[in-house]
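Here is a short tour to read with the model open beside you. We will stop at a few backbone details, the contact between the chains, a helix packing and some aromatic rings.

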Amino acid sequence: MNFSVITSQFWSLALQGLSLGLIYALVSLGYTMVYGVLRLINFANSEVFMVGTFATLFIETHVLGYAINAPSLHGFKLIYTLFFAFVASMVACALLAILVELVAYRRLRARGANRLASLISAIGVSIFLLESMRIITISRPMTTPRLLDKWSFGTFHGANFRIDTMMAIIFPILIFIVLDQFVGRSRLGKSIRAVSMSEENSKLMGININRVITLTFCIGGLTTGAAAFLYTTVYENTVFNVGFSMGIAAFTAAVLGGIGNLRGAFFGGLALGLLEEFASAILGSQWKAVTVFTVLVVVLLFRPNGLFGEAVQQTRT
Amino acid sequence: MNKKIVSGLAIAAAATLALGVVATSPAQAAAKTSVSLAFEGPLTGGDAQLGQDQIPGAIWAIALYNAKNPKVKVNLVKADSQCDGTVAANVAPGVAANKDIIGVIGTSCSGEARASFPAFKAAGLTMIAPSASAVSLTDPKAPDRGFPVFHRVVAHDGFQAPALARYAAKGVTSPKFYVIDDMTTYGGPLAKGTLPTAKKLGTVVGTDSVPKGTADYTSVASKVKASGATVVIYGGYTTDAAKLFKALRDGGYTGILASGDGTNTSDFPGLAGKAAEGVRLTAADVPFDSLLTKAQLADFTKVTGIKVPGLYSTTAYNATNIFLDCITKGALTRSAIQLCVTNGSWTGAGGETIKFDRYGDIIGGAPVGGYLVKNGVIVYDSVA
């Protein structure tokens, strides 16, 4: 064990943990939103993330035409390019998430199928997407061009406030605030909360259940797409199975925070990112997964519904 | 059990055994007009470049052989085990079940080799690996050794690891080493094997093991920077090396970056981008193009479509030629191939003598080369 790294690298690790954790949080929101209304885990969300990373890569290299070794961009061109890739990734993931809902959930729900059937069909969609991308890319990892030069705002006790790290911290916080407000205050947000509390009563109140569920998948896709863009911008690579480990981490974060709870997903992701960084630094990277899941089990032993409580009603914020 | 059934089974078993013997008898073997060799290695997946760099050496050797119109033609069967033991454990039984295959050029990775051993040992299928270099594969005391089917035409990591440490620290005053591995059959022992030499040359300020496939290397980068290391050695494969080296450079580390032959693939500079510049790599291989005449290189390109032969084309070519020589000498069954490979002696593409010891290593080892990434291309530098 190396505790000295805590004193020498505390702020650096904290910053990296925050950026990683907030990317987890965005994907985690995708899981928790769907769980809130359907009380089912959308296992295809990890592959929605994967498609988002490839969408970002595709936009940058094929639509905007930047070569892998293209020089970094500056000024308006940089902002325009990143914004375009960001929006494209979110839209691609939202559309895919809606498609997942239509294919894997809606038809089964309309026919009154067992809930497990939807779960299996979502896993089927996930495998379909994963294997399709494996075939398309012949399993090769792909790198994205470094369009954003990784300049630094400055350092604080060894922590390097790099532009990409700061983007991965600020963007998710802004997205979470907007989402939190949307679910808490808007008419559509209230519909989502109503459906999460009681589908039957929502129907009686005239809420279009299908519309709300589609909207929920769409929102989950948007947050997951944002995470995919940030991941690709920070780590500059992707591979057909990138969604697997991200999906496990984000689902863990959702459970840690309390699945079905927006704030739980957000802070669960944050806690997981910090935990991974500090566990890797203190115990060695090989102990990262062991530490994370040990902490998860311990937390669930004392708080079975997660840190913020599971209850679907918690979606009320 | 019914007596009739028992006697029927006994007759069927005897007939199968007799047919099996006939099928592999010398007389039957002599009638063969073609046999197959398999290339087993990563042809897709994250480490595909390793196999894609090697297979042209085998393709060219077989093309040259078949062009001479021999009595027995040779086909090449491609088996993609993705540098992954789990995949190899599924692929190898399929290769072993194909009775046309009498020898395996492979595997490329040590983990693949270990996972393939049960199937190939059971089938008596001889392997000659172009690049699987983990020491344990030929260690008589190791439980996962490949005896008697495994052979390799590459120096094992007992040679490469000290050379990697020496080459990484070349020209560095009082080097401070930080050694990281990917926890694989190959990467773990290679990285640990550098430690004794590193301690002689300087000080080891830290070690870490990060599982292959990790996405985020920032915490490792922080630790390396905090340690004051001046030389980082990574035991692992290209994809993860690219991620790690990028994280280290982005994290402000400015010292030497070095890795072994698992990273020495032609796609590494593209994956690592600017972080690849100046990276020091080793490999127990002599660049194939340096051994060929212009006419030979032109023919190699014509046959394989590859302009510049990649790493371990030479060893793949050597491994294939050993099988082809045995076939020329009339070894057309698996058992005959094993006998031939175990007892024969050959001259490699570089003029070196290749003869295997009892456990499958080249007697006398082989030199380890040092390579540098310059302007986005891996170039041979010197003996490491």
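Predicted model: local features only at pLDDT ≥ 70, side-chain atom pairs only at ≥ 80, totals over all residues.

Arg39(A) is not a glycine, yet its phi is positive, at about 55°. Its relative accessible area of 42% makes Arg39(A) partly exposed.

**Backbone details in chain B**

- Met183(B) is another non-glycine residue with a positive phi, here near 65°.
- You will find Met183(B) in the loop that runs between strand E6 (176-181) and helix H7 (187-201) of chain B.
- With a relative accessible area of 44%, Met183(B) is partly exposed.
- The peptide bond between Gly106(B) and Thr107(B) is cis, and its omega is about 10°.
- Thr107(B) belongs to the loop between strand E3 (101-106) and helix H5 (110-123) of chain B.
- A cis peptide bond also leads from Phe147(B) to Pro148(B), with omega near 5°.
- Pro148(B) sits in the loop between strand E4 (126-129) and strand E5 (150-152) of chain B.

**Where the two chains meet**

- On the chain B side 29 residues make contact, and they meet 29 residues of chain A.
- Together the two chains bury an area of about 2200 Å², and carbon and sulfur atoms give 47% of this.
- Ser219(B) is worth a look here: it is part of helix H8 (residues 218-227) of chain B.
- Setting aside residues up to four places away in sequence, Ser219(B) touches Leu13(A), Gln16(A), Glu277(A) and Ser280(A).
- Is Ser219(B) buried or exposed? Its relative accessibility is 3%, which is under the 20% limit, so Ser219(B) counts as buried.

**Two helices packing in chain A**

- Helix H1 (residues 4-38) of chain A packs against helix H9 (residues 242-257) of chain A, with the axes 8 Å apart and an angle of about 75° between them.
- That angle makes H1(A) roughly perpendicular to H9(A).
- H1(A) brings Ile23(A), Tyr24(A), Val27(A), Ser28(A) and Tyr31(A) to the contact.
- H9(A) answers with Met246(A), Gly247(A), Ala249(A), Ala250(A), Phe251(A), Ala253(A) and Ala254(A).

**Aromatic rings**

- Over all chains, the structure holds 28 aromatic pairs.
- In one of them, the ring centres of Tyr231(A) and Tyr235(A) are 4.9 Å apart and the planes meet at 55°, so this pair is tilted.
- Tyr231(A) and Tyr235(A) are four residues apart in helix H8 (residues 209-235) of chain A, so about one helical turn separates them.
- Both Tyr231(A) and Tyr235(A) are buried.
- Phe266(A) and Phe267(A) also form a pair, this time edge-to-face, with 5.1 Å from centre to centre and 90° between the planes.
- Phe266(A) is buried at a relative accessible area of 6%, whereas Phe267(A), at 35%, is partly exposed.
- Phe10(A), Trp11(A), Phe156(A) and Phe278(A) form a cluster linked by ring pairs.

- Leu281(B) is a residue of strand E10 (residues 280-283) of chain B.
- Leu281(B) has a relative accessible area of 0%, so this residue is buried.
- Which residues are in contact with Leu281(B), leaving aside its neighbours within four places in sequence? Among them are Tyr167(B), Ser259(B), Gly260(B), Thr263(B), Asn264(B) and Phe268(B).
- The contacts of Leu281(B) also include Gly369(B), Gly370(B), Tyr371(B), Val373(B) and Ile378(B).
- Leu125(B) lies 156 residues from Leu281(B) along the chain, and the C-alpha atoms of the two are separated by 33 Å.

Terms used
Residues numbered from 1 in each chain as written. Chains lettered and ligands numbered in written order. Heavy atoms only, no water. Phe/Tyr/Trp six-rings, centres within 6.5 Å; stacked < 30°, edge-to-face > 60°. Buried < 20%, exposed > 50% of the residue type's maximum accessible area, 1.4 Å probe, protein only. Axes fitted to C-alpha atoms, helices over the stretch in contact; angles between N-to-C directions. Parallel < 35°, antiparallel > 145°, perpendicular 65-115°, else oblique. Contact = heavy atoms within 4.5 Å. Buried area = accessible area lost by both parts, 1.4 Å probe.
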